[in-house]
Amino acid sequence: MSRADYTLGHGSTGYRVTHYDLELDYKIGPNRLSARAVLSAVAVDELNRIPLDLAGFSVKGVRVDGRTARFTHRGGKLVVAPARPVRGEFTVEVRYAGNPRPVASRWGEIGWDELTDGALVASQPTGAPSWFPCNDRPGDKAAYRVSLTTASAYTVLVTGDLVARRAGGSATTWVFERREPTAPYLMSVQIGRYDELELGAGQRLAVPRRLRAAAAHDFGRQPEMMARLTEWFGPYPFGEYVVVVTDDDLDDPIEAQGMAIFGANHVDGRRTFERLVVHELAHQWFGNSLTVAGWRHIWLNEGFATYAEWLWSEASGGASAAALARDWRARVGTDVAIGDPGVARLFDEQVYKRGALVLHGLRARVGDEVFFGLLRSWVAGHAHGTVTTEEFVAHAERVAGVSLRDDFAAWLG
């Protein structure tokens with residue numbers, strides 16, 4: 001049982017969303033978003049109220065199954081009262097408009113944010129309501145269709161496959177479909193003046209022209225990373241992988257479904273930040289295809305992505321995973337229970353580094369053949385689903401054929 005409420009009031013377990021259809025019209029200069037969202041959902045039980053997460057927009061109207069519905073909207077919560085209770089499958093249509101901005105959280109401001117010339121979305125963990133009404137739980141994964149209209153001078157990249165692009169004078173409409181089940185926080189929109197480069201089969205780089213040469217070098221080994229991660233973890237789980245480099249600096253890179261976003265400060269033409277390149281790529285397996293059922297299990301995202309850094313270091317001629325493990329074991333603190341770190345320590349360094357140490361300890365305990373085999377079967381068995389720490393421990397024991405409960409209790413405590 002978790003000792004912390006990681007959701008901070010976000011999300012509902014009374015229903016699950018199966019599909020989001022988002023029609024967005026965005027004016028870059030005034031930062032104005034006009035939108036229509038249609039959510040297809042399934043009620044767990046009969047619902048007289050449908051709570052959605054949506055930040056500070058003006059809601060113009062709501063319909064449930066085509067009928068006008070009453071609603072209240074305050075404190076980031078849009079509570080819909082349908083004309084009659086819903087059972088089983090239902091749809092909610094929300095029309096809204098306003099100036100999108102990041103939402104305040106325990107971890108800073110997150111969500112839709114303006115760039116110097118464009119916009120980006122960085123939603124982990126609870127920023128999705130900054131741009132669309134949603135059931136903001138990591139475990140409530142759905143398919144998406146996103147249509148976005150903005151000035152034709154800009155490139156639009158949304159997590160998903162581009163299925164249509166319609167230019168109409170000064171504005172262009174871009175339509176993307178995300179067919180794989182996706183958590184709300186992993187949906188992203190990127191708008192900017194970008195050149196696009198091919199990095200390899202299914203891998204693209206969107207970058208400001210001034211950074212084109214440096215970024216081509218810094219991300220030049222990504223196809224080799226993809227080959228290595230595929231060897232270690234199994235087939236890449238999505239159709240393509242898009243890396244966006246913004247013209248602004250960012251504190252940290254951002255993961256999204258089939259996408260990663262880096263700041264201009266992460267590009268220097270010397271591969272200084274290459275460990276971050278492999279970290280974000282590894283999240284496509286651990287975090288995006290396999291999504292934590294709840295935030296207390298975040299080490300399953302960050303520990304795995306950090307261990308991918310160590311594996312890549314060894315494979316590319318840098319320090320070995322064993323040497324990095326020894327170094328971090330001597331340096332990292334031990335005052336966080338990484339299996340349940342609490343809200344304030346959710347993104348603590350210990351979750352990342354000790355999470356990787358858990359995996360290195362497991363590898364030492366069961367041997368390389370069993371270790372990499374259990375990682376591949378873990379990924380294959382939970383592809384596009386949700387996972388928990390307890391499920392991973394049970395999987396490791398089942399594949400290894402030995403009891404690991406005491407080991408994990410010590411590693412995760």
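Q: Two strands pair if DSSP finds at least two bridges between them. What makes strand β14 and β15 a pair in this predicted model?
A: Set the value against that rule. β14 (residues 161-168) and β15 are joined over 7 bridges. The rule asks for at least two, so they pair. Their sense is antiparallel. Asp161 stands opposite Glu177 in β15.

Q: What lies between β14 and β15?
A: They form a hairpin, with 2 residues between them. Gly169 sits in the turn and has a positive phi of about 75 degrees.

Q: How do you know that β12 pairs with β15?
A: Count the bridges again. There are 9 between β12 (residues 142-151) and β15 (residues 171-182). The cut-off is at least two, so this is a pair too. These strands run antiparallel. Here Val146 stands opposite Phe176 in β15.

Q: Why is Asn31 called buried?
A: Its relative accessible area is 6%. Buried means under 20%, so Asn31 is buried. Asn31 is found in the loop between β1 (15-27) and β2 (32-43).

Q: Is Asp65 buried, exposed or partly exposed, and how do you know?
A: Its relative accessibility is 43%. Buried needs under 20%, and exposed needs over 50%. Asp65 falls in between, so the term is partly exposed. Asp65 lies in the loop between β4 (58-64) and β5 (67-68).

Q: What makes the phi of Asn31 and of Asp65 worth a look?
A: Most residues other than glycine have a negative phi. Asn31 has a positive phi, near 50 degrees. Asp65 also has a positive phi, near 50 degrees.

Q: How do you know that the peptide bond from Gln124 to Pro125 is cis?
A: Look at omega. For this bond omega is near 0 degrees. Most peptide bonds are trans. Pro125 is in the loop between β11 (118-122) and β12.

Q: Which residues does Phe233 touch?
A: Among them are Trp285, Phe286, Leu311 and Val379, not counting residues up to four places away in sequence.

Terms used
Residues are numbered from 1 along each chain as its sequence is written. This is a predicted model: local features need pLDDT of at least 70, side-chain atom pairs count only at pLDDT 80 or more; totals for chains, interfaces and linings use all residues. Side-chain values use heavy atoms; hydrogens and water are left out. Contact means heavy atoms within 4.5 Å. Helices (H or I, at least four residues) and strands (E, at least two) are DSSP runs, numbered from the N terminus. Buried means under 20% relative accessible area, exposed over 50%, partly exposed in between (1.4 Å probe, protein chains only).
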